[in-house]
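Subject: Structure handover

Hello,

Here is the structure you are taking over. My notes on what was found in it follow below.

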Amino acid sequence: MSDAPRRPLPEGLRRETLAVRTALAPSQHGENSEALFLTTAYVQSDAETSARKFSNSEDFTYSRTSNPTVRSLEARLAALEGTEAAIATSTGMSAILLLAMGMLKAGDHVVCSRSVFGSTINLFAKEFGKFGVETSFVSQTDLAEWQAAVRPSTKLFFAETPTNPLTEVCDIRALADMAHAAGAILAVDNTYSTPALQRPAEMGADIVMHSATKYMDGQGRVMAGALCGPNKLIRDVFGPILRTVGMTLAPFNAWVVLKGLETLALRMKAQSEQALAVARWLEAQPQVARVYYPSLPSHPQHELAMRQQSGQGGAVLSFDLKADTPDAARAAAFHVIDSTRVISIATNLGDTKSIITHPATTSHGRLTEAQRLSAGIGQGLIRLAVGLEHVDDICDDLARGLSTLNHA
Ligand SMILES: *Cc1c(COP(=O)(O)O)cnc(C)c1O
């Protein structure tokens, strides 16, 4: 047995330290790496203790309600986002489900950017539409559209920034002020930037939502999600719903993400720098019509993005190929994608391995061509989630297809 369990952490530690150190106290063995507790139940010393613990959700009774490894992840996430609390969920989508179950009832109204993750749009419009919740989808960047959509029944503003695949940025502070003036709350999907680059709660957001499946795990292994916010929402509203409904994060997945958070800041910085180098290289290629990446001065919200995202662009960029017709554009995009030998052809992001996608036929494939065009997602658009391979190997892999396009 260890006779030196970890002493409590001092106040005022910096974010990099909290990312490595925040967790529950170690067990009696004094393990330095946080333990993985694979257990569904927790043995109590007597019936009286068991009764007391069941009436207090802070104690461990059953792992649908909570688990020490999951609790360590929640503590670390809250420390990184600068919120009072966090609650972990099985996926990013189940975090949004928990948010919607906690904040909305029949007759309520949501204002949401129309550029958010596709399943998020389905969840609000289709699944909650069934229960009498109405959602207005508005421009990612035009604040006047958000304001005009507000109704007396508006309870929730939902934003994601930057967006997939065009990296459009919205003004978190302005949306928070607008939501609060309307008597609503603002939830921000912070999956792309992570707290290493962007902390929406510092800009007035009430809830910060994550798909931890992406950069928090960071190596493409497990699914996970989370909501971060004040105790009065996380502990008092979302906790009891999760306990009833069971969108609980598995301890193993929590443990993988907990370890991922220890290198999050390093990976986000390195992958952002690589993405900027690739974006600059793409801008100089004659076959490329346009590159979408927040760190480029050509990005329409460049200054806002740099202010909100700690001066970094994140690791996702997209680019449009020059072509005369949609068919030619699609053929060109497929040629560039199919000519890669290093980059993975997949529909994920947030991995150390670079991933290339054709949004018009995958993530946005269920839209009509007209909807796609109004969203700016043409057949010549390619999304690249930049990983940690050598940046020259990434550019060489793209050059394989770009340099042979005219012969394709
Ligand atoms: C992937 C993703 C989600 C959904 O997360 P899952 O973990 O796949 O359920 C939500 N929002 C964004 C921005 C995402 O990239």
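To begin inside the protein, T167 is buried, with a relative accessible area of 1%. Please keep in mind that this is a predicted model. T167 sits in the loop between β4 and α7. Its phi is positive, about 55°, although T167 is not a glycine. As background, most residues other than glycine have a negative phi, and most peptide bonds are trans.

The peptide bond from T161 to P162 is cis, with omega near -10°, and P162 is found in the loop between β4 and α7. N164 and P165 are also joined by a cis peptide bond, with omega about 0°. P165 has its place in that loop between β4 and α7 too.

At the start of α7, a side-chain oxygen of D171 comes to within 3.3 Å of the backbone nitrogen of R173. Helix α7 covers residues 172-181, and its buried residues are I172, L175, A176, M178 and A179. What covers the buried residues of α7? The cover includes α6 (143-149), β4 (154-160), β5 (185-189) and α12 (302-308). After α7 comes G183, whose phi is positive, near 75°.

T194 is another residue with a positive phi, about 60°, although T194 is not a glycine. T194 lies in helix α8, residues 194-197. Its relative accessibility is 0%, so T194 counts as buried.

Now to the ligand. 13 residues surround the ligand, and the closest are G92, D189, S211, T213 and K214. Three of these have listed distances to ligand oxygen atoms:

- G92: a backbone N or O atom lies 2.9 Å from an oxygen atom of the ligand.
- S211: a polar side-chain atom lies 2.8 Å from an oxygen atom of the ligand.
- T213: a polar side-chain atom lies 2.6 Å from an oxygen atom of the ligand.

On its own the ligand has 380 Å² of accessible area, and the protein covers 93% of that.

K214 also has a record attached. UniProt lists K214, in an unreviewed entry, for "modified residue: N6-(pyridoxal phosphate)lysine". In the model, K214 lies in the loop between β6 (207-211) and β7 (225-229). Is K214 buried or exposed? K214 counts as buried, because its relative accessibility is 12% and the cut-off for buried is under 20%. Leaving aside neighbours within four places in sequence, K214 is in contact with F117, T191, N348, L349 and G350.

Y215 is found in the loop between β6 and β7 as well. At 1% relative accessibility, Y215 counts as buried. Not counting residues up to four places away in sequence, Y215 touches T191, Y192, T194, L264, R267, M268, Q271, A315, V316, L349 and G350. One of these, T191, is 24 residues from Y215 along the chain, while the C-alpha atoms of the two are separated by 7.3 Å.

Two further residues are worth looking up in the viewer. T61 has its place in the loop between α2 (47-54) and α3 (68-81). T61 is buried, with a relative accessible area of 7%. Residues up to four places away in sequence aside, T61 touches T40, A41, Y42, Q44, K53 and F54.

A106 lies in the loop between α4 (92-103) and β2 (109-113). A106 is exposed, because its relative accessible area is 58% and the cut-off for exposed is over 50%. Its contacts, leaving aside neighbours within four places in sequence, are F131 and G132. The C-alpha atoms of A106 and G129 are separated by 8.9 Å, and these residues are 23 apart along the chain.

Regards

Terms used
Residues numbered from 1 in each chain as written. Predicted model: local features only at pLDDT ≥ 70, side-chain atom pairs only at ≥ 80, totals over all residues. Heavy atoms only, no water. Helix = DSSP H or I, 4+ residues; strand = E, 2+ residues; numbered from the N terminus. Buried < 20%, exposed > 50% of the residue type's maximum accessible area, 1.4 Å probe, protein only. Contact = heavy atoms within 4.5 Å. UniProt positions renumbered as here; feature names shortened; annotations may be inferred. Near = heavy atom within 4 Å. Polar contact = N/O pair within 3.5 Å; in protein donor to acceptor, adjacent residues only side chain to side chain. Areas by Shrake-Rupley, 256 points an atom, 1.4 Å probe, with all protein chains shown as cover.
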